[in-house]
Amino acid sequence: MSQEIQVRPVSYDDPDAVKLNDQVQIEYQERYEGEGDVTFLDPAMFDPPNGLYLLAYDASGTPIASGGWRGHEANDEGYADGDAELKRMYVIPEARGLGLARRILAALEADARAAGRVRMALETGDQQPEAIALYLSEGYTVTSAKFGHYRFHDSSRCMTKPLNPV
């Protein structure tokens, strides 16, 4: 099935990206019994070469997975110079188990590395064990130095992975 799936860059405000973002927000609301992820994201944050947003489409042209990265330098949210922050990794329930998250993650890491980023950073939560397992299996480590919008929340889990130069 992976041959039928196309991964391509889109703008964060593309209607298909908005559709998947709405779906992941519902999942966040259900898992955390709250309002979803309220981290401010401007579509321009994902514009190359300072970021990238990807969608995966099935053979019928339906968006089924998303993910992006945006660049950071050292700031008051705890990011370091050269960071690439992973955002909005999501696979619709019907397409889980096909390796789409790994495929998107690898593409985002490669793009961030090529853009000169030195570390991929992400913030997830303790109610997303599948995400935590994925990132650990891909070489990410949990860091005690938290960053991001939810860095002061007990449920927040921050993870990083060095992006070694090519």
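Tutor: Let's start with a definition: helices (H or I, at least four residues) and strands (E, at least two) are DSSP runs, numbered from the N terminus. This is a predicted model, where local features need pLDDT of at least 70 and side-chain atom pairs count only at pLDDT 80 or more, while totals for chains, interfaces and linings use all residues. Residues are numbered from 1 along each chain as its sequence is written, and side-chain values use heavy atoms, leaving out hydrogens and water.

The protein has three helices and seven strands, in the order β-α-β-β-β-α-β-α-β-β along the sequence. Of its 166 residues, 45% are buried (under 20% relative accessible area, with a 1.4 Å probe and protein chains only).

Now for the core itself. A nonpolar core is a set of buried Ala, Val, Leu, Ile, Met, Phe, Trp, Tyr and Cys residues joined through side-chain atoms within 4.5 Å. The largest one here has 38 residues, and those with the most contacts inside it are Leu 86, Leu 100, Leu 108, Met 120 and Tyr 135. At least two core residues come from each of helices H1 (15-32), H2 (100-114) and H3 (129-137) and strands S2 (51-57), S3 (63-72), S4 (83-91) and S5 (119-125). Strand S2 gives the largest share, six residues.

Leaving aside residues up to four places away in sequence, Met 120 touches several residues, including Trp 69, Leu 86, Leu 108, Tyr 140 and Leu 163; contact means heavy atoms within 4.5 Å.

Methods: Buried means under 20% relative accessible area, exposed over 50%, partly exposed in between (1.4 Å probe, protein chains only).
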